[in-house]
Amino acid sequence: MYTELIETLHRVMKESVENSEVMGVNFLVEKGEEEILYCQEGMADKENGMEMNRNTIFRLYSQTKPVTGVAAMILMEQGCLDLCQSVGEILPAFSHLKVEKDGKVVDASRPMLVHDLLRMTSGLVYPDDCTASGKAAGVVFDDACARLHTENPMTTQELAERLAEGSLLFEPGSSWIYGTSADVLGAVIEKVSGKKLSEFMEDEIFKPLGMTDTAFWVPAEKQCRLAKAYETVVKEDGSRAMVPYTGNNLAICNDMAKAPAYEAGGAGLTSTLDDYMKFARMLRNGGTLNGKQIIRPETARYFTGGELMPAQQQAFENWIGLDGFSYSNLMRVCKKPSRCGMIAREGEYGWDGWLGMYFANFPKENMTILMGTQKKDSGTFSLTRKLRNIVLSSI
């Protein structure tokens, strides 16, 4: 039925591999309970001769965020977490916040709320060299990276507390910036649940859904399935090549070989396309999969249908490539498909990852698109949009 579509996808994916845009890629589409297509091209680990395939394990990086968002929804349903509660009431280090204003650092005028973490309206940032907030975050992550292989690694709680010591980029709730909100939310989930983030996710999400290949690390018996990360380099003659990337970005250990002390709610999970499809399908089904209810239908509607306030949306629109979208609960949400720079559907939601993982759910079509690759600094990039456009123009 989709022979021509699949041939087109394979051609585009193969060209991307041959042009050293990616080392390998796989792509999975499901509509309702039916798998529409699965395609793969290239290598998961060229040096060890491992082809990309269905059981390849990927570092999700920011595609971790929607899972952390669902964990927060579970606690909200249980009456354990109030989204309008001050983060400082749960994590005392956030009780006395500082904010950058007119080149000075002053006391914040309003507390950071839990829903600020879910909407990225907290003022928390990722490391940068341009702002006091970014520089302070950089010191924290540099220290976390330096301690990864020591006897005193930084924990989820310590990292959150250290981030609280730096200034915020803006008053909580007044704007939007992509940053460490989900990592702090991970610490909130630990405090409220009384469990490590990994334990809470395993008990409440992974085990009920049968996500047996999703975790914050990859044990020895599965290491042979872990895709290697790569980056594109330009040679002296102008040609391009892919070389292994071995850095520990954002304090995530590249080899994923042991359970980390810092379980990053914003970037730490590994998974496969088939495993993540179970999570995506659960959301499409209103919070339930195979008789296992993770969140209730009303909660699922709330989780997948939010949007930013006008001032926050104005800041979000500086994100090139997400025209027509808004943001809520650690995911993009499409509001105006006509404004998008790619074919899009109203109400679609999802997110991506720093190494190129990609997730999109389409509620009206009851469809999911998943893409897997491991290429440094990718996120949603040209290949992602090309493959999306091919599928959405055909189905």
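Buried means under 20% relative accessible area, exposed over 50%, and partly exposed in between (1.4 Å probe, protein chains only). Helices (H or I, at least four residues) and strands (E, at least two) are DSSP runs, numbered from the N terminus.

This is a predicted model: local features need pLDDT of at least 70, side-chain atom pairs count only at pLDDT 80 or more, and totals for chains, interfaces and linings use all residues. Residues are numbered from 1 along each chain as its sequence is written, and side-chain values use heavy atoms, with hydrogens and water left out.

**Exercise 1. Helix H12**

Task: list the buried residues of H12, then find the elements they pack against.

Solution. 
- Step 1. Apply the accessibility cut-off to H12. The buried residues are Leu383, Thr384, Leu387, Arg388, Ile390, Val391 and Leu392.
- Step 2. Look for contacts (heavy atoms within 4.5 Å). The buried residues of H12 pack against helix H1 (3-18), strand E1 (24-31), strand E15 (358-362) and E16.
- Step 3. Recall helix geometry. An α-helix has 3.6 residues a turn, so residues three or four places apart point the same way.

**Exercise 2. Serine 378**

Solution. 
- Step 1. Skip residues up to four places away in sequence. Serine 378 then touches Gly353, Trp354, Leu355 and Gly356.
- Step 2. Take a distance. Serine 378 and valine 99 lie 279 residues apart along the chain, and their C-alpha atoms are separated by 30 Å.

**Exercise 3. Helix H7**

Task: compare the span of H7 with the expected value, and say how many of its residues are buried.

Solution. 
- Step 1. H7 covers residues 181-193, which is 13 residues. The expected span of a helix is 1.5 Å times one less than its number of residues.
- Step 2. From first C-alpha to last, H7 reaches 18 Å, close to the 18 Å expected.
- Step 3. Of the 13 residues, 10 are buried, and H7 is mostly covered. Among them are Ser181, Asp183, Leu185 and Glu190.
- Step 4. These buried residues pack against helices H2 (65-77), H3 (87-90), H4 (114-119), H6 (156-165) and H8 (197-209).
- Step 5. Check the end. Just after H7, glycine 194 takes a positive phi of about 75°.

**Exercise 4. Two helix pairs**

Task: describe how H6 packs on H7, then treat H2 and H10 likewise.

Solution. 
- Step 1. H6 and H7 pack at about 125°, with axes 9 Å apart. H6 and H7 are therefore oblique to each other. Angles under 35 degrees count as roughly parallel, over 145 as roughly antiparallel, 65 to 115 as roughly perpendicular and the rest as oblique.
- Step 2. H6 supplies Thr156, Gln157, Ala160 and Leu163 to the contact, and H7 supplies Val184, Gly186, Ala187, Glu190 and Lys191.
- Step 3. Sort these residues: 4 are nonpolar, 3 polar and 2 charged. Here Ala, Val, Leu, Ile, Met, Phe, Trp, Tyr, Cys and Pro count as nonpolar, Asp, Glu, Lys and Arg as charged, and the others, Gly among them, as polar.
- Step 4. Turn to H2 and H10 (residues 297-304). Their angle is about 135°, with axes 11 Å apart. That makes H2 oblique to H10.
- Step 5. Pro66, Gly69, Val70, Met73, Met76 and Glu77 of H2 meet Thr299, Tyr302 and Phe303 of H10. This contact divides into 6 nonpolar, 2 polar and 1 charged.

**Exercise 5. Threonine 180 and proline 337**

Task: decide for threonine 180 and for proline 337 which accessibility class applies.

Solution. 
- Step 1. Threonine 180 lies in the loop between H6 and H7. Its relative accessible area is 0%, so threonine 180 is buried.
- Step 2. Beyond its neighbours within four places in sequence, threonine 180 is in contact with Leu124, Val125, Tyr126, Phe141 and Leu163.
- Step 3. Proline 337 lies in the loop between E13 and E14. With a relative accessible area of 26%, proline 337 is partly exposed.
- Step 4. Neighbours within four places aside, proline 337 is in contact with Ala344, Arg345 and Glu346.

Note on methods:
Axes fitted to C-alpha atoms, helices over the stretch in contact; angles between N-to-C directions.
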